[in-house]
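Hi,

Here is the structure I promised to pass on.

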Amino acid sequence: MLATAACRQTFGKNSSPGFQGRMTLTERGLVLGAGTLLAKLDNKVLPFEADQDRIWTLLAVAYGGAVPLAVLASLRRAAKHWHGGDKCLAAIHLAQMGLPDIGKDAAHRLALAAELLDAGVRPRALARELGFDRPAGLGKYNYNPDEARVPAGSGYGSGFWTKGVAVGPTLTEGRSAGSGSRRINIVRDLPKVAVVVTRPDGTPIDDPKSPTGKLMAPPRANFREVYAAGTQNPTLFQINEDVGHFGRFDYRRDKASDTSFPAYKHASNYAAGVLMAGAGYTREQTHDISEKFAYLFSSNYETDKEERQYWTNRGWDDAHGGIWK
Amino acid sequence: MRLPRWLEWIAFAASAIILLRVAYWIGTFLYVFGPALINPCMIAHGNFAKNGRGDLVEDQSRDCAIIGSAAEDRIGLSLADRVDFIALVYYDQGPNLHEPGLRWLDDDHLSVDLGKVTWLTPQIRRLGRVTISYTYSGAEPSLE
């Protein structure tokens, strides 16, 4: 892109002296390039909930492509440490994101993009125009109703995180309740990276309730590994670590991004059956462990029961039949 | 008759071993499943919408399985002057995975578009000052 005089003027307006090749937290906010402000500090807190679209889009412009969502999580941690006065730890989080330094051209692009957003262009529209695929979880990432917010209807800044007293409701149910607990987001659509689960002979597993008609799982799914973990004579603790919530074979939930994928629900139950078969539990014991707990706490037990049983049993049957050995 | 001192020590040691073993298993069980027993369900949060008064409607998924997944999808509404979320409707999308549409028409009227579903419960149509309208297809409300 040719840098016109107008562009250079814009670049100057959006920039401040001192070139930052990598993101830096300053008293103004999160800064990159020639002093371009990615997000300003609002009452010394970065309003990530409202600004995450802007931050992600500007980063995509600066780095010339979509950046992983995990970067936003790192930024949030860095901002928290900065807010808490631990600037060294904040700097470490920023450094550990592993993003490379940007050059002058990227800083130029960044400043222009910031100008467009400040002029009212929506981040999504800009990202779409530039051909950046927005990650599925963007827009709700790390939204936390427990955190204090500026009340709705307060003009610019409504809904932003604030240092004041929390306004609005707080969750009091489930593990997301209370301070210090994790916020889990849902991605309802079938993720683009989803893979069809195929048996070692290459045949897929049918699933009439899947959008594709086949059992879908995340790319990390490996049922041979699940079965092998079961054969290691796992303790209760290890079983929970493997197929409990956010376990390494809990394909429905991704621990790294704190995201729940309903599209992988059947794969999660299938994995539970495979692991329990590998661990030597009978079909009945597996059924008892998985069902009785759900019976106690799940309100639509009768509705979900057959489906859950079917996939846990199918995993157990396939593993017991030697498919995943 | 008083037992010999050495026999008392053996009995004490045997009891201590048994107690320690029991304590170990109870401790392990509580360590592994304690959080799940105290707070058994995990709630995941989807898209949301807030009105000018601060009432918050949100797509939620509540999962109470100890292994695998036993999730129930629901739409939760939290009024600004309340603490808890009230489940307006439970639903199942089957293979038609998509985000439900949640829209405040004004501060007192909420529109919930569930799209194509394979199952749903009867719905709460009024909560506090909020009137809720629903759009869906594919199933009739049922408690079964």
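A:Phe246 has 17 C-beta neighbours inside 10 Å, so it counts as partly exposed: to be called buried, a residue would need 20 or more. You'll find A:Phe246 in the loop between helix 8 (236-243) and strand 7 (253-254) of chain A. What is the phi of A:Phe246? The value is positive, about 65°, although this residue is not a glycine. That's worth a second look, because most residues other than glycine have a negative phi.

There's another case of this kind. A:Asp258 isn't a glycine either, and its phi is near 50°, a positive value. A:Asp258 sits in the loop between strand 7 and strand 8 (259-260) of chain A. With 18 C-beta neighbours inside 10 Å, A:Asp258 also counts as partly exposed.

Before you go on, please keep in mind that this is a predicted model. Chain A has a mean pLDDT of 74, and 72% of its residues reach 70 or more. Two stretches need some care. Over residues 1-16 of chain A the pLDDT is below 50, and this stretch has 18 contacts in the model beyond near neighbours in sequence. The pLDDT is also below 50 over residues 140-180 of chain A, a stretch with 102 contacts beyond near neighbours in sequence. Where pLDDT is low, the predicted coordinates should not be read in detail.

Now for a helix. Which residues of helix 4 (residues 87-96) of chain A are buried? They are A:Ala90, A:His93 and A:Leu94. Looking down the axis of helix 4 of chain A, you'd see its buried residues fall within an arc of 100°, so they line one face of the helix. On the other side of helix 4 of chain A, A:Cys88 and A:Gln96 are exposed. Just after helix 4 of chain A comes A:Gly98, with a positive phi of about 75°.

Last, a pair of strands. In which sense do strand 1 (residues 20-25) and strand 2 (residues 29-33) of chain A pair? They run antiparallel, with three bridges between them. A hairpin takes chain A from strand 1 to strand 2 through three residues.

Cheers

How values were computed:
Residues numbered from 1 in each chain as written. Chains lettered and ligands numbered in written order. Predicted model: local features only at pLDDT ≥ 70, side-chain atom pairs only at ≥ 80, totals over all residues. Buried ≥ 20, exposed ≤ 12 C-beta atoms within 10 Å, placed from the backbone. Helix = DSSP H or I, 4+ residues; strand = E, 2+ residues; numbered from the N terminus. Arc of directions from axis to C-beta. Pairing = 2+ DSSP bridges. pLDDT = per-residue confidence, 0-100. Contact = placed C-beta atoms within 7 Å.
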